[in-house]
Amino acid sequence: MSDQQTLDSLALRAKLTKVFGWSFVVLAAFFVAQIGYETFKPDEIVVIAGGEQPSYPIWPIVLTVATALFFVCVLGIMICSLLWVHRAHSNLREQDLDIAYSPGWAVGSYFVPFVNLLVPFRAMRELYNYSHGEIPEHAHSTVEDVSTWWLCYLIGLALSFGLVFKGIVDAATNIVFLTPVWMEFTMMAFSNITLIISVIMLMKVMTAITSAQQSMSYVGSAFE
């Protein structure tokens, strides 16, 4: 592909990630509000007259559809953002820049246990700095947006796994974690909020890198 085609491909992948990303933000906020309402709402007393059939509310259908869309958004963010990461790193490699992380490893590191706690962050930071014309000595300088993205991602992911682990233990064993309802909701809400921030920051970082790689000043200097 030509330079323009690679940049167009990068921009398309960033736009697709944004579509899934903003959809994820809306749905995650919806679930926090919905679970909060279900957790703290007053108990309802339902009286059914003799012979009257109970109605079938539409709310369970709405929740089922929202849950399905939520997982589609998560999958969409993963696929589109990783394709974007590969393309963005490939753009640097094709310009003979001496980057520490290859396109394949920048993507593959997300799937290697323990390695995925650090390498994706370092690869993104290097990508950001090189894309903004930094010299090799500053390739791993701190980037606040990248750090915020990764910190929120790790916190949100850790809390989510903790809640899933607790649910599995409670359901599959005789061990029961006695935690107040308000505490479980707080953990769930904080997990969702940190993941929302992480997705927003990821989109911001991707936009900044995409714009930098598309800019004429960058193409004319760092890519030569």
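Colleague: Which residues does His89 touch, not counting residues up to four places away in sequence?

Modeller: This is a predicted model, in which local features need pLDDT of at least 70, side-chain atom pairs count only at pLDDT 80 or more, and totals for chains, interfaces and linings use all residues. Residues are numbered from 1 along each chain as its sequence is written, and side-chain values use heavy atoms, with hydrogens and water left out. His89 is found in helix α2, residues 59-94. With contact meaning heavy atoms within 4.5 Å, His89 touches Ile99, Tyr101, Pro103, Ala106, Ala123 and Leu127.

Colleague: Is His89 buried or exposed?

Modeller: Buried means under 20% relative accessible area and exposed over 50%, with partly exposed in between (1.4 Å probe, protein chains only). His89 has 1% relative accessibility, so His89 counts as buried.

Colleague: At roughly what angle do the axes of α4 and α6 cross?

Modeller: Axes are lines fitted to C-alpha atoms, for helices over the stretch in contact, and angles run from 0 to 180 degrees between N-to-C directions. The axes of α4 (residues 119-131) and α6 (residues 181-214) come within 9 Å. They cross at roughly 35°.

Colleague: Which residues in α6 do Met124, Leu127, Tyr128 and Ser131 meet?

Modeller: Those four belong to α4. Their partners in α6 are Leu202, Val205, Ala208, Ile209, Ala212 and Gln213.

Colleague: Which residues is Ile209 in contact with, leaving aside its neighbours within four places in sequence?

Modeller: Ile209 is in α6, among the residues met by α4. Its contacts are Trp84, Met124, Leu127, Tyr128, Ser131 and His132.

Definitions and conventions
Helices (H or I, at least four residues) and strands (E, at least two) are DSSP runs, numbered from the N terminus.
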